[in-house]
Amino acid sequence: MKNFDNGYLQIILTRKGGAVSMSWQGKSDDSNPSVSLNPYLEQLVNELKGDELFIEYNTLKYMNSSTVMPIMQFMKNLEAGGIKTMITYDSGSDWQRATFSALQALSCIMNNITVKAI
Amino acid sequence: MDKTVSFEYYIRPLWYVVGEIRDKVEALLEFENSLNDACKMVSSELLENALKYGTCLKRGSDTRFEFTADEKQIRIEVSNDIYSEDDYKSLKDNIDQINASDNVRNLYIERLRLMMENTKMVKSQLGLYRITYEGKFKLSYQLEDTRLTITAIRELESKN
């Protein structure tokens with residue numbers, strides 16, 4: 001499993017036994033972030049089969065609305081792949097609370113994805 | 001914030017300028033963090049829309065960005081030439097729908113649900129929804145000939 005780094009956005013992976021932590025850091029403001037993120041995240045879903053995933057957005061400083069699409073695609077792929085996933089965000093940040101609480105509402109229909117404020 | 005902050009740019013449609021203007025907004029504002037974040041986000045989203053869907057039809061008609069803030073109001077305005085009537089109609093319909101809604105959060109979630117069902121959606125214009133739901137700005141638009149101006153305004157509560 002490889003980390004992701006486009007100079008502005010870093011996605012850092014850490015494995016501990018059967019659990020993988022994924023930390024999004026920096027800024028995501030590409031014009032079309034799906035181009036670079038989708039292939040990376042699709043590959044990752046294949047490598048995560050059988051693992052539990054913890055995604056931390058708390059340290060993400062900024063993301064544009066175009067980043068929401070690859071995140072939702074990733075959530076869909078994780079759900080389809082049966083990968084138990086816990087997504088956390090910073091409830092003290094207005095922009096994170098607005099964005100991720102909306103994704104939290106959508107995740108209610110998913111069996112494998114949980115979104116939680118911390 | 002006790003003083004008025006105002007600046008205006010005419011920019012070529014280059015993506016890196018969005019980040020530069022976001023940094024400029026951050027450097028100039030003296031609001032509390034969440035309001036500063038909202039101003040950066042709205043500036044970015046409006047500019048990104050202009051660069052994605054707009055065009056430059058003739059010399060001197062670059063994208064215009066104007067930011068004004070005082071203790072009463074924040075006003076962010078972006079003007080650009082439109083690329084097509086379809087793009088304008090789509091944008092107009094989305095802003096009309098947002099302004100007619102009494103629950104922007106639900107509208108935002110519904111937009112996400114549509115995007116979730118159709119992840120190939122090319123022009124989600126989610127940024128417009130984000131500006132009103134997350135940023136609490138009110139949107140308006142004006143078209144003169146081929147020149148589109150989108151204005152985002154947030155009224156500030158009085159300190160007294």
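**A tour of the contact between chains A and B**

Welcome! Across the interface of chain B and chain A, 14 residue pairs are in polar contact, both residues at pLDDT 80 or more. Keep in mind as you look around that this is a predicted model.

Start by selecting the side of chain B that touches chain A. The elements that give two or more residues to this side are α1 (16-28), α2 (33-53), α4 (104-117) and α5 (126-133) of chain B. Color α4(B) next: its eight residues are the largest share of that side. By class, you will find ten nonpolar, five polar and eleven charged residues there.

Now show both partners together. Chain B brings 26 residues to the contact and chain A brings 24 residues. Between them, the two chains bury about 2200 Å², with 58% of it on carbon and sulfur atoms. On the chain B side, pick out B:Arg22, B:Met116 and B:Thr119, which lose the most area to chain A, together 26% of what that side buries.

Next stop, the largest nonpolar core. Among its 84 residues, A:Met22, A:Trp24, B:Phe67, B:Ile74 and B:Leu112 touch the most other members. The largest share of this core, nine residues, comes from α2(B).

Leaving aside neighbours within four places in sequence, B:Ile74 is in contact with residues including B:Phe31, B:Leu35, B:Cys39, B:Phe67, B:Phe137 and B:Leu156.

Key
Residues are numbered from 1 along each chain as its sequence is written. Chains are lettered from A and ligands numbered from 1 in the order in which they are written. This is a predicted model: local features need pLDDT of at least 70, side-chain atom pairs count only at pLDDT 80 or more; totals for chains, interfaces and linings use all residues. Side-chain values use heavy atoms; hydrogens and water are left out. Contact means heavy atoms within 4.5 Å. Buried area is the accessible area (1.4 Å probe) that two parts lose on being put together, summed over both. A polar contact is a pair of N or O atoms within 3.5 Å; within protein, one must be able to donate a hydrogen and the other to accept it, and residues adjacent in sequence count only if both atoms are side-chain atoms. Helices (H or I, at least four residues) and strands (E, at least two) are DSSP runs, numbered from the N terminus. Ala, Val, Leu, Ile, Met, Phe, Trp, Tyr, Cys and Pro count as nonpolar, Asp, Glu, Lys and Arg as charged, and the others, Gly among them, as polar. A nonpolar core is a set of buried Ala, Val, Leu, Ile, Met, Phe, Trp, Tyr and Cys residues joined through side-chain atoms within 4.5 Å. Buried means under 20% relative accessible area, exposed over 50%, partly exposed in between (1.4 Å probe, protein chains only).
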